[in-house]
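Work through the exercises below with the structure open. Each task is followed by a solution in steps.

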Amino acid sequence: MIDDIMDETVDSLSDLGIDAEDIGLGKSDLERIFSLELGVPEVFPEDEFENVVRAIARSRSDLDDISASIAEIDDYVDGFENAPERLSELLSNIKGIYGELEVRDRLNESNAEIFYCLALDTSNPDVDIYGYDAEGNVVQQIQVKMTEDPEYIRTTLQDLPEGVKLISGVEMAVEFPGQVLDVGLSVYEIGEDARAAIEILSTHEPEFDDLPASVPFAEYIRSKGIAFV
């Protein structure tokens, strides 16, 4: 990506009659410039960013997580930019929904016999993810709690309905062996991913306002100088 940006920059300078070599413009210079300008990770997995965007849309009753546009989501996030307390609440809420989406994806990747999908109601107190067999029968019910608070997990386990499994990050699975399951996700990393994606949305204007949240965001993020792993 940096190579493409460098080529475009050199071409632009040439159009102005400036030789890039005359001003000592190199790849390492561009890397530093873009890193400082963005203030976000230069490498961000595309599917993870897409899940954060969907989580933001899913957190609102007036937005559909499939058809909501980047512009709509951007406008919503921008409203929190100068309100740190509200932004913290947004992050906490998004982290939970984003965690559910990531858990669902991990489960679907690791189990070909069962299809996992999120509960339609985001406020369902007992079940976040349902697992269906080939005949469409519910064979698994899962609650997801992406928290670093052991007491919260302990309380959740006490109130967990019969037949519902609890999934959290690897941190809580270690704390509660045999009671809390994990799919290889870290609570800390879930939070950092959500924070980075929200920062991207809140600090950069989208160039593709019409893109629905259901399509890949590769071109959008590449336009911000961020490469995907």
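**Exercise 1.** Determine whether Y132 is buried, partly exposed or exposed, and find its ring partner.

*Solution.* Y132 has a relative accessible area of 24%. Buried means under 20%, exposed over 50% and partly exposed in between, with a 1.4 Å probe and protein chains only, so Y132 is partly exposed. The model is predicted: local features need pLDDT of at least 70, side-chain atom pairs count only at pLDDT 80 or more, and totals for chains, interfaces and linings use all residues. Residues are numbered from 1 along each chain as its sequence is written, and side-chain values use heavy atoms, without hydrogens and water.

Next, search the whole structure for aromatic pairs; there is one. It joins Y130 and Y132, whose ring centres are 6.4 Å apart and whose planes meet at 40°, so the pair is tilted. Rings of Phe, Tyr and Trp (its six-membered ring) pair if their centres lie within 6.5 Å; planes under 30 degrees apart count as stacked, over 60 as edge-to-face and the rest as tilted. In a regular strand, side chains alternate between the two faces of the sheet.

**Exercise 2.** Trace the strand pairing from strand 1 to strand 4.

*Solution.* Helices (H or I, at least four residues) and strands (E, at least two) are DSSP runs numbered from the N terminus, and two strands pair if DSSP finds at least two bridges between them.

1. Strand 1 (residues 115-118) runs antiparallel to strand 2, with four bridges; C117 is partnered by Y130.
2. Strand 2 (residues 129-132) is antiparallel to strand 3 (residues 138-144), again over four bridges, and Y130 is also the bridge partner of Q141. The two strands form a hairpin with five residues between them, and G136 in the turn has a positive phi of about 85°.
3. Strand 3 and strand 4 (residues 164-167) are parallel and joined by four bridges; Q141 stands opposite V164.

**Exercise 3.** Which residues of helix 6 are buried, and how are they arranged around the axis?

*Solution.* In helix 6 (residues 150-159), the buried residues are I153, T156 and L157. They cover an arc of only 100°, which puts them on the same side of the helix; the arc is that of the directions from the helix axis to the C-beta atoms. Q158 and D159 are exposed on the face turned away from the buried side.

**Exercise 4.** Which side chain makes a polar contact with the side chain of D193?

*Solution.* D193 is in helix 8 (residues 187-203). Its side chain contacts that of Y98 at 3.1 Å. A polar contact is a pair of N or O atoms within 3.5 Å; within protein, one must be able to donate a hydrogen and the other to accept it, and residues adjacent in sequence count only if both atoms are side-chain atoms.
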